[in-house]
Amino acid sequence: MRVLGVDPGLTRCGVGVVEGVAGRALTMVGVGVVRTPVDAELGQRLVAIEQGIEAWLDEHRPEYVAVERVFSQHNVRTVMGTAQASAVAMLCAARRGIPVALHTPSEVKAAVTGSGRADKAQVGAMVTRLLRLDAPPKPADAADALALAICHIWRAPAQNRLQQAVALHTATATATATAQTSAGTTARKGRTA
């Protein structure tokens, strides 16, 4: 499985590609940051992020895109920029038919470090260890993007099994309800005949 992790941001949008499967050693395919100038107009910044993500998708051809789920912060301006960059990443993936998964920061931290309250240094250290790198990727946005990809690789099998179980349960419940409705209609017809 090849996953592009995206740590969304207007000024620095972290991107990282990891390949592997749960339970086996993972490999970093690429890591970087899509940057936009702070003084540029918002629309131009979003276009720059789109172009950067499109270039990563073209070069690395991921099967999945994992994006950090935007959560409420005290700084509304920061949240808006993060949400806008996140939407651009999801749009780029959806345009190509690539499935997108959203993971909260605490889910990512827990998956990679074992603690949902880990700090950036701990995440960077574990990403370095898990991917057998010489040093933590810089800036932290790049390490966070790799952590998102790792989290998705490790969580996807369980999430897929859960989704399949829910789909099977829903299909079974629907079939049972349809059969009961049909049986009830047949019984009523028999009584009125």
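Biologist: How many disulfides does the count come to?

Modeller: Zero disulfides. Keep in mind that this is a predicted model.

Biologist: Take Cys13. Which cysteine sulfur is nearest, and how far away?

Modeller: That of Cys92, at 9.4 Å. A disulfide here needs the two sulfur atoms within 2.5 Å, so the Cys13 sulfur has no partner.

Biologist: Is Cys13 buried or exposed?

Modeller: Buried. Its relative accessible area is 0%, and the cut-off for buried is under 20%. Cys151 is buried too, at 0% relative accessibility.

Biologist: OK, switching to the overall fold. What is the secondary structure count?

Modeller: Five helices and five strands. From the N terminus the order is β-β-β-α-β-α-β-α-α-α.

Biologist: And how much of the chain is buried?

Modeller: The chain has 193 residues, and 36% of them count as buried. Its accessible surface is about 10800 Å². Carbon and sulfur atoms account for 56% of that surface.

Biologist: What share of the contacts joins residues at least 24 apart?

Modeller: 63%, taken among contacts between residues at least 6 apart in sequence.

Biologist: Let's do β1. How many of its residues are buried?

Modeller: Six of the six, so β1 is largely enclosed by the rest of the structure.

Biologist: Which residues point which way?

Modeller: Arg2, Leu4 and Val6 point one way from β1. Val3, Gly5 and Asp7 point the other way.

Biologist: Which strands does β1 pair with?

Modeller: β2, antiparallel, over six bridges. Also β4, parallel, over four bridges. With β2 it makes a hairpin, with four residues between the two strands.

Biologist: Now the packing. Which residues touch the most other members of the largest nonpolar core?

Modeller: Leu4, Val6, Ile49, Ile53, Leu57 and Val65, out of 19 residues in that core. β1 (2–7), β2 (12–19), α1 (42–60), β4 (64–68) and α2 each supply at least two residues of this core.

Biologist: Which element gives the most?

Modeller: α2, with five residues.

Biologist: Last one, Thr82. Where is Thr82?

Modeller: In helix α2, which covers residues 76–95.

Biologist: Buried or exposed?

Modeller: Thr82 has 16% relative accessibility, and under 20% is buried, so Thr82 counts as buried.

Biologist: What does the side chain of Thr82 reach?

Modeller: The backbone oxygen of Thr78, at 2.9 Å.

Biologist: And which residues does Thr82 touch, not counting those up to four places away?

Modeller: Pro8 and Val70.

Terms used. Residues numbered from 1 in each chain as written. Predicted model: local features only at pLDDT ≥ 70, side-chain atom pairs only at ≥ 80, totals over all residues. Heavy atoms only, no water. Buried < 20%, exposed > 50% of the residue type's maximum accessible area, 1.4 Å probe, protein only. Polar contact = N/O pair within 3.5 Å; in protein donor to acceptor, adjacent residues only side chain to side chain. Contact = heavy atoms within 4.5 Å. Core = buried A, V, L, I, M, F, W, Y, C linked by side-chain atoms within 4.5 Å. Areas by Shrake-Rupley, 256 points an atom, 1.4 Å probe, with all protein chains shown as cover. Pairing = 2+ DSSP bridges.
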